[in-house]
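Please walk me through how the parts of this chain pack together, and give the cut-offs behind each term.

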Amino acid sequence: MDEQTQTSGVEQGSAAVDPGDQPLSPDEEIAEIEKLLNTEPDDFQARCRLGELYFSKGRLDDALTEVKKSIEMAEGLRTEMNRSLAMYYSNLGTIYATKGMIDEAEAEFKRALDVHAYDVLALFNLGRVQADRRKYMESKNYYERLVEITPDDPMAWYNLAGVYVELDNPQVSDYNTIDMAIQCYMRVLELDPKHLEASFKLMEIALNHRKTDLAIKVMESAVEHNPDEPLAYYNLISVYDKCKMFEQAEQARQRLKERFAKKAKEGAAS
């Protein structure tokens, strides 16, 4: 009776072991991970583990392939994390700048670039900070990097143009950068033909350097793209007068009068 009871106890104990709790063999684990990666190829942890298993089984070519894929994924993750971290540093710098804490802001913008060298916000703000401090060479370097990254941003080109204008001043530097400034302002107007400030700056440079054809062309284009802006007309008339093109100046005055007389009538009618 006791033997039957004892035997029964052993049988009951054996039945209590769950086969599902047994660890998978390396081959079984490889098969499971391969199946998982067929449906979820971006599972980083699974791919790392598969490379380890291949290596342990002596499947060196397969291990090499998986480890390379894991490194590629890790580099991608690191790049994304660096972009995010740089964005937070730049945001922190923006807050400091808004509070007037410029030294602290500059430090955070530089930390952003240490993490991610192409952070647009950090480059823009460091260019502005250095320009405000009249450190135009440093500002130039930041803005030049910025336009390389954002070649279609008119504001970046506009700010770089302003720095080139300052650097052309003999009291500031020995550099001759006025032609570079002209090219930058022209790029601004190529990207944004309605950018009046760029038009006025370029007109002024052109007149100061006896590039009258350029001044006329710029202001005629400004009027064309800003037909309801009186300042565009006034500056065009001024350019014509300075170039002794009095007939064209009078025609521009008439166009200005007619356009705004018409607008006045339309406003009264409505």
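Helices H8 and H9 meet through Pro154, Trp157, Tyr158, Leu160, Ala161, Gly162, Tyr164 and Val165 in H8 and Ile178, Met180, Ala181, Cys184, Tyr185, Arg187, Val188 and Leu191 in H9, where contact means heavy atoms within 4.5 Å. By class, this contact has 14 nonpolar, one polar and one charged residues; Ala, Val, Leu, Ile, Met, Phe, Trp, Tyr, Cys and Pro count as nonpolar, Asp, Glu, Lys and Arg as charged, and the others, Gly among them, as polar. Helices (H or I, at least four residues) and strands (E, at least two) are DSSP runs, numbered from the N terminus. The model is predicted: local features need pLDDT of at least 70 and side-chain atom pairs count only at pLDDT 80 or more, while totals for chains, interfaces and linings use all residues. Residues are numbered from 1 along each chain as its sequence is written, and side-chain values use heavy atoms, with hydrogens and water left out.

The axes of H8 and H9 are 8 Å apart, and the helices pack at an angle of about 160 degrees. Axes are lines fitted to C-alpha atoms, for helices over the stretch in contact, and angles run from 0 to 180 degrees between N-to-C directions. H8 and H9 are therefore roughly antiparallel, on a scale where angles under 35 degrees count as roughly parallel, over 145 as roughly antiparallel, 65 to 115 as roughly perpendicular and the rest as oblique. The crossing of H8 past H9 is left-handed, a term for a near helix turned anticlockwise from the far one by less than a right angle, with right-handed used if clockwise.

Aromatic rings come next. Rings of Phe, Tyr and Trp (its six-membered ring) pair if their centres lie within 6.5 Å; planes under 30 degrees apart count as stacked, over 60 as edge-to-face and the rest as tilted. The count by this rule is three aromatic pairs. One of them joins tyrosine 158 and tyrosine 185 edge-to-face, at 5.8 Å centre to centre and 65 degrees between the planes. Tyrosine 158 lies in H8 (residues 154-167) and tyrosine 185 in H9 (residues 178-191), so this pair ties together parts 27 residues apart in sequence. Tyrosine 158 is buried at a relative accessible area of 17%, and tyrosine 185 is buried at 3%. Buried means under 20% relative accessible area, exposed over 50%, partly exposed in between (1.4 Å probe, protein chains only).

Tyrosine 233 and phenylalanine 260 also pair edge-to-face, because their ring centres are 6.3 Å apart and their planes are at 80 degrees. This pair links distant parts of the chain, with tyrosine 233 in helix H12 (residues 230-242) and phenylalanine 260 in helix H13 (residues 246-269), 27 residues apart. Tyrosine 233 is buried at 4% relative accessibility, whereas phenylalanine 260 is partly exposed at 25%.

Helix H4 (residues 60-98) packs on helix H6 (residues 120-132) at an angle of about 35 degrees, with the axes 8 Å apart. H4 passes H6 in a left-handed crossing. Here Ser90, Asn91 and Thr94 in H4 meet Leu121, Ala122 and Asn125 in H6, a contact of two nonpolar, four polar and no charged residues.

Two loop residues remain. Arginine 134, in the loop between H6 and helix H7 (136-149), has a phi near 65 degrees, a positive value in a residue other than glycine. Arginine 134 is exposed at 57% relative accessibility. Lysine 244, in the loop between H12 and H13, has a positive phi of about 60 degrees although it is not a glycine. Lysine 244 is exposed at 66% relative accessibility.
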